[in-house]
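Visitor: I have a chain open here and would like to talk it through with you. Could we begin with how its parts meet?

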Amino acid sequence: MIKVTLITGFLGAGKTTFLNNLINKYPDTKFAIIENEFGEVGIDGGLVVDSQEDVFELSNGCICCSLNGELRDVLRNLLNSGKEIDHLLVETTGIAEPSSIAAAFVGDPAIAKLFELNACICIADTVNFEQSLQDHEVASKQIAFSDYIVLSKCDLSTEDQVKKMAFHLKLMNPLALVEKNYNGEIIDKDILNLNSFNTDKVEERASFVPSAHEHAHGEVVSHSFSFEGEVDPVKLEMWLSVLFQLQFEVIFRFKGIFNIKGETNKVVIQGVRNESKINIGSPWKEGEKRENKMVIIGKGIKREPIEKKIKSLLR
Ligand SMILES: Nc1nc2c(ncn2[C@@H]2O[C@H](COP(=O)(O)OP(=O)(O)OP(=O)(O)O)[C@@H](O)[C@H]2O)c(=O)[nH]1
C-alpha cells in the first residue's frame, strides 16, 4: 500500500515550500509527487527541490474537475512503472477542491486497493487568508475538508493575528489540528503518518468536538451535534445516502461516530463528496456514555432540519 498525503491551500499559500521541506525532512523516504497546475505550463514541478523524486505534472486543468480521469491514469502509470515508492504527495492547485481528489482514492476500488489516503493537509496563509475566504468559497472547502491545517507565513504576521486565525479555523473545522509554521518549516510531528482517515484517529479527534456548536463564516457553516440514544441503522443509511448523493455540492465535510442499535462497537462514518466510508470502530467500554457525535461543514446548512432528522433516527 502506498500512503498518500494531499497538500491543499489557496493560491500562493505556501504549498510547494511546505512540500519541499517535507521531502527534506524524510531523506530516506522514496516519494512520488503529483503537481497539479492550472496554467498551460507546469512550473511547480520544477520548483520541487530534489530531482531524484518522481515528479508527475498534471497541467492545464484542475485535478478536482477536468483532470480527475488523468489523475487516475497517472496513478496507474505510477504503479505500472515498477518504481519503488513509499509515499505519494499530491499538491493540488490553489483552486482545487480536495474532496473530489480524495474521492478518487476512496471511490475507485482499483486505486483504493493500492493507495491509502493518509491525510489532507491545508496550508493557510496568515497574511492573505481572510481575503481568500471572503472572495473564494473554495478556500473554505479546503479548510473544511482538511485534517491538519498549517498556518504559513507566521513570521509575517503578529502573534495576535496568528492566534486569532488559529482560533477561527478551529471553529470552522473542529476536527482538524491547527499548527503554526514559520517559513515552511515542518512541525515536529510525523506528518507522513497522520493516519487521519483511520477509524481510531477519527474517534480520537471526535472527542474534542464540542457537544453542540455552530460557527458561520459567510455562508459556510460548521455544525456539531452530540446526542445519546441508539440510532436505527436503516434510517441512518437512507438519510446519509440521500445527503451524500443529493447534497454533496453543499456538504464539504461529514464525520460521525454512531451508537447503532445492536452494535457492540462504535460505527465511524466519513463523507468524501458523494462517497461514504463506513467503518467499525472500537468497542463501547463498559460504563462509557454511548454518545453519538457528528460534524457537518458546508454551505448554507441549517441546523434545525438536522436536529429533527436526528430525532427520527432514534425512533
Ligand atoms: N515569509 C514567508 N514566506 C513564505 C512562507 N511560506 C511560503 N512563503 C513564500 O510564499 C510564496 C509562495 O509560496 P509557494 O510555496 O510557492 O506557494 P504555493 O501555495 O505553492 O503557490 P501556488 O502553487 O502558486 O498556489 C513564495 O515566495 C514562498 O517563498 C512562510 O512561512 N514565510
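Visitor: How many residues of domain 1 are in contact with domain 2?
Guide: In this predicted model, 20 residues of domain 1 are in contact with 22 residues of domain 2. As for the bounds, the domain assignment gives residues 2-197 as domain 1 and residues 201-314 as domain 2.

Visitor: And which helices supply the side of domain 1 that touches domain 2?
Guide: At least two residues each come from α4 (98-107), α7 (137-145) and α8 (159-172), and α4 makes the largest contribution to that side, with six residues.

Visitor: How do the residues on that side divide into nonpolar, polar and charged?
Guide: On the side of domain 1 that touches domain 2, 11 residues are nonpolar, seven are polar and two are charged.

Visitor: Let's go inside, then. Which residues have the most contacts in the largest nonpolar core?
Guide: They are A102, A124 and I149, in a core that has 66 residues. Strand β5, which covers residues 115-125, gives the most to this core, namely eight residues.

Visitor: What does A124 touch?
Guide: Leaving out residues up to four places away in sequence, A124 touches G9, A13, F129, I143, I149, V150, L151, S152 and L169. Another core, of nine residues, lies apart from the largest one, and its members include V202, L236, I257 and F258.

Visitor: Switching to annotation, which residues does UniProt list for the CobW C-terminal domain?
Guide: The UniProt entry, which is unreviewed, lists residues 220-314 under "domain: CobW C-terminal". Over residues 220-314 the chain is 28% helix and 45% strand, with the end C-alpha atoms 28 Å apart.

Visitor: How do β11 and β12 run, parallel or antiparallel?
Guide: Strand β11 (residues 265-272) and strand β12 (residues 275-283) run antiparallel and are joined by seven bridges.

Visitor: Last one, on the chain overall: what does the secondary structure come to?
Guide: It comes to 11 helices and 13 strands, and of the 315 residues of the chain, 41% count as buried. Among contacts with a separation of 6 or more, 74% are accounted for by residues 24 or more positions apart.

Notes
Residues numbered from 1 in each chain as written. Predicted model: local features only at pLDDT ≥ 70, side-chain atom pairs only at ≥ 80, totals over all residues. Pairing = 2+ DSSP bridges. Helix = DSSP H or I, 4+ residues; strand = E, 2+ residues; numbered from the N terminus. Domains from an automatic or database assignment. Contact = placed C-beta atoms within 7 Å. Nonpolar A, V, L, I, M, F, W, Y, C, P; charged D, E, K, R; others polar. UniProt positions renumbered as here; feature names shortened; annotations may be inferred. Core = buried A, V, L, I, M, F, W, Y, C linked by C-beta atoms within 7 Å. Buried ≥ 20, exposed ≤ 12 C-beta atoms within 10 Å, placed from the backbone.
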